[in-house]
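Take a look at the structure below.

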Amino acid sequence: MGEPGREEYEIHSFDAETQRLLKTALKEPGAVDLEKVANVIVDQSLKDCMFSKEAGRICYTIIQAESKQASQSVFRRGLLNRLQQEYQAREQLRARSLQGWVCYVTFICNIFDYLRVDCLVLQLHRIGEQLEKMNGQRMDELFGLLRDGFLLQDGLSSLSQLLLLELIEFRAAGWRTTPAAQKYYYSEVSD
């Protein structure tokens, strides 16, 4: 996926002011109204299926940049709230525009594609130990698949590989982060 902020994004379909807003959100998310950014991205995604494919990558980059700058998730919250509103009105969206519905589903799929590893790791950090106590055999199967995904899957981003490796080590250490793992995986995070 490359380094956030150094990639080129397909935002030429926007007016100059909106392009500046998006470029700023990608580099300095704290400097703009992130709820407005989320609405702009969703609105355009519902109109343009080609952009909805790009929008997942843009959203992922903004989420990553925001998490590095602040301990908030204003953009993620705004994006998820807006997507939930659209989902609740899905029947009206489908009746109004089948193309809009296809664009919406495409956008959701692309967001999921970028965030699935992050979500999995976050949830297993929270409840993995409890799930293992409930059904250790299923967790063994899951971690076998994760290991294979980490070692064998082509096209997996370096960040996804790092997250999966950290999760495998987290489980191997009894669902605890060892001091060595803390230093290795989180050395760039300030105290």
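Which helix gives the largest share of the lining of the largest cavity? The answer is α8, with three residues. Helices here are DSSP runs of H or I with at least four residues, numbered from the N terminus.

Before going further, note how to read the model. This is a predicted model, in which local features need pLDDT of at least 70, side-chain atom pairs count only at pLDDT 80 or more, and totals for chains, interfaces and linings use all residues. Residues are numbered from 1 along each chain as its sequence is written, and side-chain values use heavy atoms, with hydrogens and water left out.

Back to the cavity. A cavity is a set of points, on a 1 Å grid over the protein atoms alone, where a 1.4 Å probe fits but cannot get out. Lining residues have an atom within 4 Å of such a point. A volume is the space filled by probe spheres set on the points, which are joined across faces, edges and corners. The count comes to one cavity of 30 Å³ or more. The largest cavity holds about 30 Å³ of space. Its lining is made of E166, E169, F170, A173, R176, T177, T178 and A181. By class, three of these residues are nonpolar, two polar and three charged. For this sorting, Ala, Val, Leu, Ile, Met, Phe, Trp, Tyr, Cys and Pro are nonpolar; Asp, Glu, Lys and Arg are charged; the others, Gly among them, are polar.

How many aromatic pairs does the structure hold? There are five. Rings of Phe, Tyr and Trp (its six-membered ring) pair if their centres lie within 6.5 Å; planes under 30 degrees apart are stacked, over 60 edge-to-face, and the rest tilted. A pair of aromatic rings is described by the distance of the centres and the angle of the planes. One of the pairs is F143 with W175, edge-to-face at 5.9 Å centre to centre and 80 degrees between the planes. F143 lies in helix α7 (residues 136–152), while W175 lies in the loop between α8 (158–172) and α9 (179–186), so the pair ties together parts that are 32 residues apart in sequence. Both F143 and W175 are buried. Buried means under 20% relative accessible area, exposed over 50%, and partly exposed in between (1.4 Å probe, protein chains only).

Y184 and Y185 make another edge-to-face pair, 4.8 Å centre to centre with 90 degrees between the planes. Are these two buried or exposed? Y184 is exposed, at 56% relative accessible area. Y185 counts as buried, at 11%.

Some rings meet a charge instead. A charge sits over a ring if NZ of Lys or CZ of Arg is within 6 Å of the ring centre and within 35 degrees of the ring normal. The charged end of R90 sits over the ring of Y87, 4.1 Å from its centre. R90 belongs to helix α5 (residues 90–96) and is partly exposed at 26% relative accessibility. R94 lies over the face of W101, 4.5 Å from the ring centre.

Now turn to the second largest pocket. A pocket is an open set of grid points with protein on both sides within 12 Å along at least five of seven lines. This one has a volume of about 240 Å³. It is lined by 13 residues, and L80, I111, F112, L115 and C119 are the closest to its centre. Helices α4 (74–88) and α6 (98–134) each supply at least two lining residues. α6 gives the most, with eight. The lining divides into 10 nonpolar, one polar and two charged residues.

Last come the cysteines. A disulfide is a covalent bond between the sulfur atoms of two cysteines. The rule used here asks for sulfur atoms within 2.5 Å. The count comes to one disulfide. It joins C49 to C103, S to S 2.2 Å. The link of C49 and C103 is left-handed, with -110 degrees about the S-S bond. C49 sits in helix α3 (residues 49–69) and C103 in helix α6, 54 residues apart. Both C49 and C103 are buried. C59 is in no disulfide; the nearest cysteine sulfur, that of C119, is 13 Å away. C59 is buried, at 1% relative accessibility.
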